[in-house]
Amino acid sequence: MSAIQLGQSGVGYCGSAEDLGALRAQFERQHYLKLPKLIEPVLADVLQTKVRQGEFYERVHEEIGPNRELCMANNGASAALLFLVNDKKLFQIIQAVTQCDQIGCFQGRVYRVNPGHGHHDSWHNDIGEHRLVGMSIDLSGQTYSGGMLQIRDHASGEIVREVTNLGLGDAVIFRLSQRLQHRITDVEGTASKTAFAGWFRRQPDFLSLLRREMKPGREAPVMNSSSVVLRLANNTTHDTAY
Amino acid sequence: MLANMDLKSKNTTPLPAARPNSNVLFKRLGDETVLFHLETDRFYELNGTAARFWELLHAGCDVAEIREQMLQEFEVDPDQFAGETDTLLAFLTKEDLVVIDE
């Protein structure tokens, strides 16, 4: 088991306070941190299978240079991923490592970049909308060429870091700052890159996000209770701005 | 006084051995527990009492142990509580959230 791992019942962390301090120093120095096997491998396989069954649509962001990619429509896979990463203990670890403000939620989307299809990312910083720290989790399950996270100094244009993240379920978290910009380099060769990417945000809190994204289904009157079944709002478009 | 009631002696029908389905993700959110079934893509929200039931189930307790433990934690009529746990377990089973070991 790696130091931090997301599984069926949430986050497992087997490191010490000193380990956390070392991760903090690493993030401070590099502006990013790799979290190998952040998603437990068996679960990552299940999620990757669900993502493969997803529908993708082309998405263009003129504000980012432009940015062109395939984005997965809202479905069970995206719901599962959001549910998995929106974890209070994970938030506490990310806050401790990055020294960011209190995290309310993680919001993201699954995207795919195919080589030779004009999919492209441009330099941007993702600042705004209560975003605190970026994170990308690999769901490709294959080795692709390119698709590297680059971080540069905004003022000088100097590329300060280049990060590959090729393992299924592996994550990279990276700093969002007015002084830095980042992009994903073009994917080359024949294999596509697929990732779940987004940001830890100050707000909204995850429960509000969950209630907004899901709609109540039928009631299950058990244990004097308010136990309810919430169904995916399948007919709503999950359109995460970034 | 509800503490230390021997529920096992009250129930003549053997209780099923249940455990959470490995395809169900779950987490505590305040007093509630939210479950997500990876095959049906359904979310479930369990209130505080049901959440405690789930927590004990995940910890490896059998239904008799859960009843015994929860009767020490909640002030509730044992017969009513037994009925509620049966209803909850039936619901969780029907929704494939738990697996019953025969």
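These legends accompany close-up views of a predicted model.

**View 1. Seven strands of chain A line up in an open sheet.**
Welcome to the sheet of chain A, where the strand order reads 3-11-7-14-6-5-4 and the pairing is antiparallel. Strand 3 (32-35) and strand 4 (56-61) of chain A stand at the edges; each has a single partner strand, so one side of each has no neighbour in the sheet. On average, and ignoring direction, neighbouring strands of this sheet are turned by 30 degrees against each other.

**View 2. Strand 3 of chain A meets strand 11 of chain A.**
Here we zoom in on one pair of strands. Strand 3 and strand 11 (residues 171-175) of chain A run antiparallel and are joined by four bridges. To find your bearings, look for A:Leu35, whose bridge partner in strand 11 of chain A is A:Ala171.

**View 3. A nonpolar core of 83 residues draws on both chain A and chain B.**
This is the largest nonpolar core, and the members that touch the most others in it are A:Ala80, A:Ile173 and B:Phe36. Helix 3 (residues 76-85) of chain A supplies the largest share of this core, with eight residues.

**View 4. A:Ile173 and the residues it touches.**
Take a closer look at A:Ile173, one of the core residues that touch the most other members. Leaving aside residues up to four places away in sequence, A:Ile173 touches A:Tyr32, A:Leu33 and A:Leu35, and also A:Ile94 and A:Thr98.

A:Pro204 sits in the loop between strand 14 (193-201) and helix 5 (206-213) of chain A.

**View 5. A:His31 has a positive phi in a buried setting.**
A:His31 is not a glycine, yet its phi is positive, at about 75 degrees. You will find A:His31 in the loop between helix 1 (17-30) and strand 3 of chain A. A:His31 counts as buried because it has 21 C-beta neighbours inside 10 Å, and 20 or more are needed for that label.

**View 6. B:Asp96 has a positive phi in a partly exposed setting.**
Over in chain B, B:Asp96 is a residue other than glycine with a positive phi, near 65 degrees. B:Asp96 lies in the loop between helix 4 (78-94) and strand 5 (98-101) of chain B. With 14 C-beta neighbours inside 10 Å, B:Asp96 counts as partly exposed.

Terms used
Residues numbered from 1 in each chain as written. Chains lettered and ligands numbered in written order. Predicted model: local features only at pLDDT ≥ 70, side-chain atom pairs only at ≥ 80, totals over all residues. Pairing = 2+ DSSP bridges. Helix = DSSP H or I, 4+ residues; strand = E, 2+ residues; numbered from the N terminus. Axes fitted to C-alpha atoms, helices over the stretch in contact; angles between N-to-C directions. Core = buried A, V, L, I, M, F, W, Y, C linked by C-beta atoms within 7 Å. Buried ≥ 20, exposed ≤ 12 C-beta atoms within 10 Å, placed from the backbone. Contact = placed C-beta atoms within 7 Å.
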